[in-house]
Amino acid sequence: MNYAHPEVLVDTDWVSKNPPNENRKLVEVDYDPVNGYQKGHIKGASLIWWKRDINDPITRDIINKKQFETLMSKNGIREDTEVVLYGDFNNWFAAFVFWVFKYYGHENLKIMNGGRKKWELENKEYTTEEPRLALTTYKAQPPDEGLRAYLFDVSRALGREDTVMVDVRSPKEFSGEITAPPEYPMEHAQRGGHIPKANNIPWATAVNDADGTFKSVADLTQNYESKGVTPDKDVICYCRIGERSSHSWFVLKYLLGYSKVRNYDGSWTEWGNMIGNPVEK
Amino acid sequence: MSLDPHILKNGSFYYIKDGGADFILEDKTKRGLTVKDTSIDEKLNVKADKGMIHDMDGIGHWVPIRWYFSKALFDFNKISEYAEAMEKKYVELRELTCPDDSD
């Protein structure tokens with residue numbers, strides 16, 4: 001069985017054979033560009049740095065429509081450009097950027113299956129040369145709020161039978177044993193645990209451990225449906241800062257074809273810090 | 001039988017353990033961090049287990065988790081000196097971020 005939207009995935013060989021051009025842009029999305037893009041990237045790829053380029057510099061929020069248009073322009077992307085995203089950290093942040101691109105209505109968008117991990121496992125070539133991109137004029141669409149869950153959406157969904165919450169963090173984060181792994185000391189919350197009645201389906205259960213590629217439809221279906229995350233439900237994914245949940249959002253929406261999936265990008269660093277929010281351990 | 005090395009000295013922010021041929025100085029603030037590399041720490045010029053911590057911007061920084069001091073080259077007092085310097089650094093940092101107003 002094929003993925004519901006196979007057009008959103010390309011593999012590393014396809015990227016090798018289809019370099020960027022006037023109508024196709026390759027974008028590396030990194031959480032840590034110093035240890036990623038700057039050390040080497042696929043020839044012709046530009047960089048989107050999650051922290052600098054996708055987040056508002058002052059308010060905790062993703063970039064607004066105008067900031068998004070500027071970002072597209074800087075990366076040489078037009079409304080009809082085919083964009084291929086890939087990145088570090090198992091494509092978590094590439095998936096986050098995929099979500100933001102869709103939020104602002106970019107249509108022709110793909111993810112390179114396996115990201116940097118698979119590219120490196122195959123010993124494919126990197127360069128440190130950065131592409132020179134001509135600025136474009138980009139007109140984004142109004143945000144598609146159907147893709148995004150806010151705190152009030154999650155609060156309202158508590159106890160609803162038709163909504164299912166998917167917590168994609170590790171079991172230790174879900175149980176409240178830790179609020180963030182030691183590698184991310186800046187991402188703790190005041191309380192540990194999870195949103196009441198959430199299902200713990202870690203993001204990693206959707207990928208093949210060996211190379212970071214997505215699992216088959218049969219495996220993914222079993223993974224989610226066995227825990228009550230079915231296509232008829234309104235699904236809200238969350239993690240700690242919204243990046244791993246974008247990865248699971250991508251799986252549910254584009255690989256399995258669920259129609260009502262939202263990413264709660266406020267995630268645990270919002271929920272677990274708010275006074276009075278219910279927490280389950 | 002416990003496989004953990006015997007603790008020779010226990011500070012608020014460090015352990016000094018008996019690692020057989022080495023004294024092992026361990027930074028307690030790096031507890032739980034995954035060891036991703038073992039190589040020479042340029043500051044102390046001894047072998048160290050290192051992990052990576054990501055800052056506010058997501059940039060990863062290599063940090064030593066524990067250092068291995070050969071007993072043939074270092075005596076315990078020297079390790080204690082390094083440990084106390086580390087302790088002092090963390091105490092000062094704690095005072096800076098969470099000052100004790102009691103006095």
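## Strand pairing, domains and cores in a predicted model

B:Ala48 stands opposite B:Trp67, a residue in strand 6 of chain B. The model is predicted: local features require pLDDT of at least 70 and side-chain atom pairs count only at pLDDT 80 or more, while totals for chains, interfaces and linings use all residues. Residues are numbered from 1 along each chain as its sequence is written, and chains are lettered from A and ligands numbered from 1 in the order in which they are written.

Strand 5 (residues 46–54) and strand 6 (residues 60–70) of chain B run antiparallel and are joined by eight bridges. Strands here are DSSP runs (E, at least two residues) and helices likewise (H or I, at least four), numbered from the N terminus; two strands pair if DSSP finds at least two bridges between them. In chain B, six strands make up an open sheet with the order 1-2-3-6-5-4 and antiparallel pairing. Strand 1 (6–10) and strand 4 (37–41) of chain B each have a single partner strand, so one side of each edge strand has no neighbour in the sheet. From one strand to the next, the twist averages 35 degrees, with axes fitted as lines to C-alpha atoms and angles running from 0 to 180 degrees between N-to-C directions.

| Domain of chain A | Residues |
|---|---|
| Domain 1 | 6–143 |
| Domain 2 | 146–271 |

The centres of these domains of chain A, taken over C-alpha atoms, are separated by 23 Å. Contact (C-beta atoms, placed from the backbone, within 7 Å) links 18 residues of domain 1 of chain A with 17 residues of domain 2 of chain A. On the side of domain 1 of chain A that touches domain 2, helix 4 of chain A gives the most, with eight residues.

Which residues touch the most other members of the largest nonpolar core? They are A:Leu85 and A:Val97, in a core of 71 residues. Helix 4 (residues 92–103) of chain A supplies the largest share of this core, eleven residues. A nonpolar core is a set of buried Ala, Val, Leu, Ile, Met, Phe, Trp, Tyr and Cys residues joined through C-beta atoms within 7 Å; a residue is buried if 20 or more other C-beta atoms lie within 10 Å of its own. Beyond its neighbours within four places in sequence, A:Val97 is in contact with A:Val29, A:Ile48, A:Ile54 and A:Leu85.

How values were computed. Buried ≥ 20, exposed ≤ 12 C-beta atoms within 10 Å, placed from the backbone. Contact = placed C-beta atoms within 7 Å. Domains from an automatic or database assignment.
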